[in-house]
Number of protein chains: 2
Amino acid sequence: MTAKDAYEPLTAETLGARLAGIDLLAGKVGPDPTQWDVQEVGDGNLNLVFIVKGPQGAAIVKQALPYVRLVGDSWPLPLYRAFYEYHALTREAARDPGAVPEVWHFDETQALVVMEFLSPHRILRQKLIAGERVDGLAERLGLFCARTGFRGSELSMKSADKKADVGLFSGNVEIPAITEGLVFTDPYFEAELNNHTPGLDPVIKILRDDPALKARAQRMLLKFSANTETLLHGDLHSGSVMATEDDVRVIDPEFAQYGPLGFDIGMLTANYLMAYFSQPGHRGDDLAAYQDWLLEVIEGTFAAYEAEFTRLWDNERTGMLYPAALFEDQGHSSAAARTELLAEIWQDAVSICGIEMHRRCLSLAHNADFEEIADPAIRAPLEARNLMMGRDLILNAAKIDSPRALTDLARQHNGKDVL
Amino acid sequence: MTAKDAYEPLTAETLGARLAGIDLLAGKVGPDPTQWDVQEVGDGNLNLVFIVKGPQGAAIVKQALPYVRLVGDSWPLPLYRAFYEYHALTREAARDPGAVPEVWHFDETQALVVMEFLSPHRILRQKLIAGERVDGLAERLGLFCARTGFRGSELSMKSADKKADVGLFSGNVEIPAITEGLVFTDPYFEAELNNHTPGLDPVIKILRDDPALKARAQRMLLKFSANTETLLHGDLHSGSVMATEDDVRVIDPEFAQYGPLGFDIGMLTANYLMAYFSQPGHRGDDLAAYQDWLLEVIEGTFAAYEAEFTRLWDNERTGMLYPAALFEDQGHSSAAARTELLAEIWQDAVSICGIEMHRRCLSLAHNADFEEIADPAIRAPLEARNLMMGRDLILNAAKIDSPRALTDLARQHNGKDVL
C-alpha cells in the first residue's frame, strides 16, 4: 500500500487537494478545488462530515473515524462501517427511490462516501424541538419502512440474493454490538458509560427491579441479533432524518444490519414519543396542538406502512414466502396471513419502541429532545413519563393492539407524574 | 488445477488407490490399500457412502455428488455441502462430545469426509420399524439438541464468533432451499415432485383448503429462513441417527444451517410420531407396548432437553443474551426468563413437528416407516392419522402446552380414523 492509499482522516484544509480527482464530485461542485469552501459539520457521534461548496453546487463528504467520536480513541470502531453504509444507501435508494441522498462516490480505503448535499433540509429532531411541522412526514417514513422492509425480505427477494447479502452484512460485528449493548442491555444495569438526569433514580429502580421487563428486553435482543427478516436502516431516529417543510430524506444508515421487520418503525416511533414527552420543556401556548400533531404523525406512519405493505404484498410478493401457489392460485385469499404477519411486526415494533425510550434516557447516547431542556428539575419528570410509558410498552405489548391504543397511552402518561 | 485435483466421484474400485495417501485413514484401516474391502452402501438421497474395511479396522468415506441422487442429474446440487457437513460435524463434536462420528479427514475439492465407521450401529429408523428399543435414546438426543442449540447460540458464544459463523454458513443456499421448498411449501399445493399414497385425497383437501394452516406453515418458513438463533443439524430425523441397543450417534449434518432453537427437536419428534402412527403396519401383539415406548421417548427427549438447557443456562450463560448483569448480579432470578424462552422454543418445535409430519407423506422424500407398509389400503389410513395430527399441531400449537399434551393428542389420533 502506498502512502496515497493508506487511510488518513480528511481535514477542511486537505479535502480539496485529496478529493480533486473525483470526477463526479468536481462535476457537481466545480472543477477547481481551490474554489471549494469546505466546512466540517459533523455533530453526530461517530464520523467526520464535510460540506463542500463550489461555484457549481455542493456535496457532502462523510468519512468514518477509527473510533467513536463521542467517546474518543479509547473506543475504537472499524472503518468498514463506511462500506456497510454505502451498501445500505444503494439498497435503500433502489427499494425506495428518492428516500435517501444520491451517492456520488465511495472510497473503501478512505472509508468515505461523497453524496448529495441536502438543502435547505435540517435534521428532523431539531425541527421537532423547535415545534416545526413537516407536511407528509408520516406518509414518507411509513413508505420508507414498508418499502425497505418488504423489498429487503424474502417476501420479495430471491433467496439466493438475500442470503448472499446476509453473508455480506454478517461481516459487520462491532456496529450491531453497539446497538445490542447500548439499547437492549445497558439501560437495565449500572453500565460504565451510562448517565441519567438527577432525580430519576426512583423510576430507574422500578425498571431494574423488574425481572419480567428485563426478560422481555432480552427476548427482543435475541430477535434483533438472531433474525434476518430484512435489511434494516438500524438507526432510524429523528436525527437520521432531514426535512424541509415538505420534503423528507433518510440519512446515516451506517447501523444497517439484517433484523426484524418491526425494528425501524419501532425505533422511529420511540423518537416521536420522546419528542412528544419533551415538548413541555420547549413549548408554551401551542403545546397541546403540537403534541397532538406528533401523535398524528405516529398514527399516520403506521397507516402508511400498513397500506404500502399491503400494496406490496398484493403486487410484489415474488419471494419464496407466502407464495401465490398456496393462496391465490388455489382460490384462497392471503389477506388473513398478511394481517397476522403485520400484527407480529406491530408487536415487535411496540416492544422495541419501549426499549428505545429507555435507552435514550439511561444509556450513553441521549436525545437532544430532552438534553436541550437545561433545567434538570424540568427535564427529569418529563423523562420519567417517557420511561414509564416505555415500561408499559415492553410489559404490555400484547395488549396494545393498535397505533391508536399506543397514542392513547401516550396521552395518559403525559398527564401522569411519577416523580 | 491438475487432473489429480479435479473433483471425481469415487468408486469401490478406485477408492483404495485414490485415498491410500491419507495417513489417518491408512493408520485406522491398514497401510496397504490392496487389502481394503470397499463397499458402496449409500442408501440416502444425496451422496456416495463407502465402508472401507482393512486388517486394522474400518472407516466411512462419504462423498457428495453434484446432483440429488434420489432424483438424478436433472437436479444439480453443489458439492460445497460436504464443506458445511464437515464444519457442522466439528462443531457438534465440540458442543456435544461423543455425539457424532469422529472425523479423520476432509477434502474440500473431492467433497469427501473420512470418518469413524460405527458398528454394530444401525439406522434408528430401521430399528423403530423393526420394533427394537434403544436404551437411553431419549436422554441422548435431548442432550444433543440442548447442547448444540445452547452452545451454538449467543446465549453461550461470543457474538463476533457466532456472527462470523453465520457468515460462513450463509454461503449455503441450495441446501436450505431444499428444506424451504420440500418441507414448508410443497405439501400444501400440487408441487411437481410430490407424491402420496392413493386414498389420501380427502385429507389432503382438508389441509390445502385451509388458508390459516398454510399461513402458519409459511410463518414458520419465515422463522426457519430468517433466523440465526443457533446452528442446527437441520435434518435430525430417525434416518440421521445410528444406534445399537444402548448407544446413539447423530450423523449426516449436511443440512446444517442457522435457524430457530426449536427446529431440530421438532423435526425429531415428528419422526417419532411417524414411527408411532406407522406401527400398526409393522407390529402384532406387542403393538401397544411399543407405541407406548415411542411416546415415552418423545416425553423423555423433551425432559432431557429442558433439564440440560437449564443446566447450561445456569452454568454456561457466557454470551451477550440474558447476562447475569441484569439478573443474578442484581439479586434477581433469571428462571422465569428461561422458562419463557423454553416455552417459545417448545411452540416452535410443535409447529415444525406438524409440518414435518405433513411433508413426509405428501412431498418428495417419504419415510420408510410408512413406505415399507406395502399395502396402500393399510398405509393410507395410518398416514391419514399422521396428517390430521400434524394439522392439529400446526393450528393449535399455542394450546398444546406440554410434551404430555402432545402425546395425549397422539393417542387420540391413533384411535381416530378419518378415511
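Does N172(B) count as buried or exposed, and at what relative accessibility? In this predicted model, the relative accessibility of N172(B) is 3%. Because buried means under 20% relative accessible area, N172(B) counts as buried. The residue lies in a loop of chain B, between α6 (159-169) and α7 (174-185). When neighbours within four places in sequence are left aside, the contacts of N172(B) are Y80(B), Y84(B), E254(B) and A256(B).

Helix α14 of chain B comprises residues 376-395. With 20 residues at 1.5 Å a residue, α14(B) should span 28 Å, and the distance between its end C-alpha atoms, 28 Å, agrees with this. Of these 20 residues, 14 are buried, so α14(B) is largely enclosed by the rest of the structure. At the start of the helix, the backbone nitrogen of A377(B) has a side-chain oxygen of D375(B) within 2.8 Å.

In chain A, a pair of helices was examined. Helix α3 (residues 81-95) packs with helix α6 (residues 159-169) at an angle of about 150 degrees, and their axes are 11 Å apart. Because angles over 145 degrees count as roughly antiparallel, α3(A) and α6(A) are roughly antiparallel to each other. On the side of α3(A), the contact is made by F83(A), Y84(A), H87(A), A88(A) and R91(A). On the side of α6(A), D165(A), L168(A) and F169(A) take part. By type, the residues of this contact comprise 5 nonpolar, 1 polar and 2 charged. An α-helix has 3.6 residues a turn, so residues three or four places apart point the same way.

Methods:
Residues are numbered from 1 along each chain as its sequence is written. Chains are lettered from A and ligands numbered from 1 in the order in which they are written. This is a predicted model: local features need pLDDT of at least 70, side-chain atom pairs count only at pLDDT 80 or more; totals for chains, interfaces and linings use all residues. Side-chain values use heavy atoms; hydrogens and water are left out. Helices (H or I, at least four residues) and strands (E, at least two) are DSSP runs, numbered from the N terminus. The expected span of a helix is 1.5 Å times one less than its number of residues. Buried means under 20% relative accessible area, exposed over 50%, partly exposed in between (1.4 Å probe, protein chains only). A polar contact is a pair of N or O atoms within 3.5 Å; within protein, one must be able to donate a hydrogen and the other to accept it, and residues adjacent in sequence count only if both atoms are side-chain atoms. Axes are lines fitted to C-alpha atoms, for helices over the stretch in contact, and angles run from 0 to 180 degrees between N-to-C directions. Angles under 35 degrees count as roughly parallel, over 145 as roughly antiparallel, 65 to 115 as roughly perpendicular and the rest as oblique. Contact means heavy atoms within 4.5 Å. Ala, Val, Leu, Ile, Met, Phe, Trp, Tyr, Cys and Pro count as nonpolar, Asp, Glu, Lys and Arg as charged, and the others, Gly among them, as polar.
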